[in-house]
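Q: I have a model open here and want to go through it in pieces. Can you take some quick questions?

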Amino acid sequence: MKKSLDVGFPVFRETCYGPRRYLPRMRLEPVTEDNYRAVVDLEVHEEQRGFVATNLKSIADAWVYRPKMQPLALYAGDELVGFTLLHRDQPHDLHIVRFMIDRRAQGRGLGRKGLAAIAEVARGEGRTRLTLSLVPGNAVAHGLYAAFGFKETGEKDGDEIVMRHDLAPARHSPQG
Ligand SMILES: CC(C)(COP(=O)(O)OP(=O)(O)OC[C@H]1O[C@@H](n2cnc3c(N)ncnc32)[C@H](O)[C@@H]1OP(=O)(O)O)[C@@H](O)C(=O)NCCC(=O)NCCS
């Protein structure tokens with residue numbers, strides 16, 4: 001049976017000015033024989049290609065480093081919108097090795113919702129920190145992570161900037 005993690009609830013705000021931002025339910029689903037081709041087909045903008053490995057490479061990494069690495073597909077409602085690769089190597093940390101939102105779905109707040117979904121996974125496992133590293137110059141990702149609560153640790157992972165987010169206990173609304 002497929003396991004999924006539902007985070008929050010869908011909200012559709014219709015106002016007298018017309019539809020407002022649609023805040024879909026974000027789910028993290030395992031990468032399986034049913035969705036892996038679609039996950040491989042997800043892509044970032046051309047100018048973002050230096051910021052993240054392809055999902056094909058990430059799925060290969062996950063196979064090599066299984067079971068510590070876990071590839072997960074990000075769904076907004078029924079729509080496949082992104083991908084993440086998580087690494088569980090330390091008891092208290094959940095390390096985000098890869099994180100991407102498909103170019104066609106970017107700019108809709110899904111990056112933030114995806115991070116919130118990952119944070120919920122970490123909290124559910126009793127973990128207290130999210131960690132990641134990013135390529136210098138990746139201003140959008142840096143801005144997203146900083147706004148979410150990540151801080152630079154001052155360390156480097158190769159050329160990459162290491163960031164960490166200490167998780168507060170779960171709030172009533174898990175949408176972040
Ligand atoms: C980083 C990434 C995941 C963000 O995804 P997203 O769904 O577009 O993010 P959101 O819509 O939640 O936006 C997050 C913030 O970035 C800002 N942002 C999004 N796209 C932007 C752009 N092209 N230029 C400037 N700011 C941008 C948004 O305004 C938002 O800021 P706000 O909350 O203050 O409004 C996505 O750009 C991506 O997949 N990039 C390529 C892969 C990558 O770099 N991954 C990270 C590796 S460490």
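Q: Which residues are buried in helix α2?
A: This is a predicted model. In α2, residues 55-64, the buried ones are Asn55, Ser58 and Ala62.

Q: What do the buried residues of α2 pack against?
A: They pack against α1 (36-41) and against the strands β5, β6 and β7.

Q: And which exposed residues are on the face turned away from that buried side?
A: Leu56, Trp63 and Val64 are the exposed residues carried there.

Q: Stepping back, how many helices and strands are in the protein chain?
A: Four helices and ten strands. From the N terminus, the order is β-β-β-β-α-α-β-β-β-α-β-α-β-β.

Q: How much of the chain counts as buried?
A: 30% of the 176 residues. As for contacts between residues at least 6 apart in sequence, 57% of them join residues at least 24 apart.

Q: Now the core. Which residues touch the most other members of the largest nonpolar core?
A: Ala73, Leu74, Leu86, Ile96, Ile118 and Leu130, out of 36 residues in that core. At least two core residues come from each of β4 (26-30), β5 (69-76), β6 (79-87), β7, α3, β8 and α4.

Q: What does isoleucine 118 touch, not counting residues up to four places away in sequence?
A: Isoleucine 118 touches Thr84, Ile96 and Leu130. Two of those names, Ile96 and Leu130, were in the list of core residues that touch the most other members.

Q: On to the ligand. How many residues surround it?
A: There are 22 residues around the ligand, and the closest are Phe51, Gln106, Gly111, Arg112 and Leu134.

Q: Which element gives the most to that shell?
A: α4 does, with five residues. The elements that each supply at least two shell residues are β7 (93-101), α3 (110-124), β8 (129-134) and α4 (139-148).

Q: How do the shell residues divide into nonpolar, polar and charged?
A: The shell has 13 nonpolar residues, seven polar and two charged.

Q: β8 came up there. Which strand does β8 pair with, parallel or antiparallel?
A: β8 pairs with β10, residues 160-166, in the antiparallel sense, over six bridges. Within that pairing, serine 133 stands opposite valine 162 in β10.

Q: What about β9 and β10, how many bridges?
A: Four, with β9 (residues 151-157) and β10 antiparallel. Lysine 156 is opposite isoleucine 161 of β10.

Q: Which residue in the hairpin of β9 and β10 takes a positive phi?
A: Glycine 158, with phi near 65°; the hairpin has two residues between its strands.

Q: Last one: is lysine 151 buried or exposed, and why?
A: Lysine 151 counts as exposed because it has 12 C-beta neighbours inside 10 Å, and 12 or fewer is the cut-off for exposed. Lysine 151 lies in strand β9.

Q: Which residues is lysine 151 in contact with, leaving aside neighbours within four places in sequence?
A: Met163 and Arg164.

Q: And how far is lysine 151 from aspartate 166 in space?
A: The C-alpha to C-alpha distance is 9.0 Å, with the two residues 15 apart in sequence.

Definitions and conventions
Residues are numbered from 1 along each chain as its sequence is written. This is a predicted model: local features need pLDDT of at least 70, side-chain atom pairs count only at pLDDT 80 or more; totals for chains, interfaces and linings use all residues. A residue is near a molecule or strand if its C-beta atom, placed from the backbone, lies within 6 Å of it. Ala, Val, Leu, Ile, Met, Phe, Trp, Tyr, Cys and Pro count as nonpolar, Asp, Glu, Lys and Arg as charged, and the others, Gly among them, as polar. Two strands pair if DSSP finds at least two bridges between them. A nonpolar core is a set of buried Ala, Val, Leu, Ile, Met, Phe, Trp, Tyr and Cys residues joined through C-beta atoms within 7 Å. A residue is buried if 20 or more other C-beta atoms lie within 10 Å of its own, exposed if 12 or fewer, and partly exposed in between; C-beta atoms are placed from the backbone. Two residues are in contact if their C-beta atoms, placed from the backbone, lie within 7 Å.
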